[in-house]
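Hi,

Here is the structure I promised to pass on to you. Have a look at it first, and then read my notes below.

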Amino acid sequence: MTAAAPAVASRIAVITGASSGIGAATARQLAAAGYRVVLTARRKDRIEALAAEINDAGHEAAAYALDITDRAAVDEFATAFKTIGVLVNNAGGALGADPVATGDPAQWRQMYETNVIGTLNVTQALLPALTASGDGTVVVLSSTAGLSTYEGGAGYVAAKHAEHVLTETLRLEIVGTPVRVIEVAPGMVKTEEFALTRFGGDTEKAEKVYAGVAEPLSADDVADTITWAVTRPSHVNIDLLVVRPRAQASNTKVHREL
């Protein structure tokens, strides 16, 4: 099955959390696939540099500094669009790896605000423009953490379970409209910031996550999966796509060559 070129009315793709990792990789790949990408993230300097890189490569990109947990700012952002074709809800992340007994409620709250409320904010604000395009696609980048639990991850797991349920419910509620709802749930992905952020900048702890794993997924691997799902013909909906490295059989079963 070949990739479907975006129709003129649906050529705009908004990517949240586009300043690094999977978000940045997805922006590059969707731009190469023919979309005009709108990059959002809090770090304005990073998304502006990425937009310049994409434009210099002969594609189309614009940058917009945005905190997706700020509903007023999200609503203002949404006024710029009458129609868009694709929304990639990528912004999120994990904080800490403490057990339930000692987990930090502030970290749990922050993860919920970013992964769940942020996704809700942007999806609600842009759903009219996605519908108006006549061929819209909502992508939610969740995680295998949203499908099964693991010790030390309850706060992140809880947030990703909520994001997974949000996605399932949205698909049920808008069936019959010209908008697809796609969920991509990656397993172990090694990016420059995910584990480092989770462990508060502790590089030793961050590296232990991937110790002995020959080839964890890369940001480009996941971006390729997202781009493939988005570029299927309009009648094809990839409800849920789980992608893991070959070395990972589950959240708790990983082959390590130590």
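In this predicted model, helix α4 has a kink of about 45 degrees at Leu-126, shortly before the proline Pro-128. The bend is the angle between axes fitted to the seven residues ending at a residue and the seven starting there; helices are DSSP runs (H or I, at least four residues), as strands are (E, at least two), numbered from the N terminus.

At the start of α4, a side-chain oxygen of Asp-104 comes within 2.9 Å of the backbone nitrogen of Ala-106.

Past the helix, Ser-133 sits in the loop between α4 and β5 (136-141). Is Ser-133 buried or exposed? With a relative accessible area of 10%, Ser-133 is buried (under 20%; exposed is over 50%, partly exposed in between, with a 1.4 Å probe and protein chains only). A polar atom of its side chain lies 2.7 Å from the backbone oxygen of Leu-130, and the side chain also reaches the backbone nitrogen of Asp-135 at 3.1 Å.

On the numbers: residues count from 1 along each chain as its sequence is written, and side-chain values use heavy atoms, without hydrogens or water. Local features need pLDDT of at least 70 and side-chain atom pairs 80 or more, while totals for chains, interfaces and linings use all residues.

Enjoy exploring!

Conventions. A polar contact is a pair of N or O atoms within 3.5 Å; within protein, one must be able to donate a hydrogen and the other to accept it, and residues adjacent in sequence count only if both atoms are side-chain atoms.
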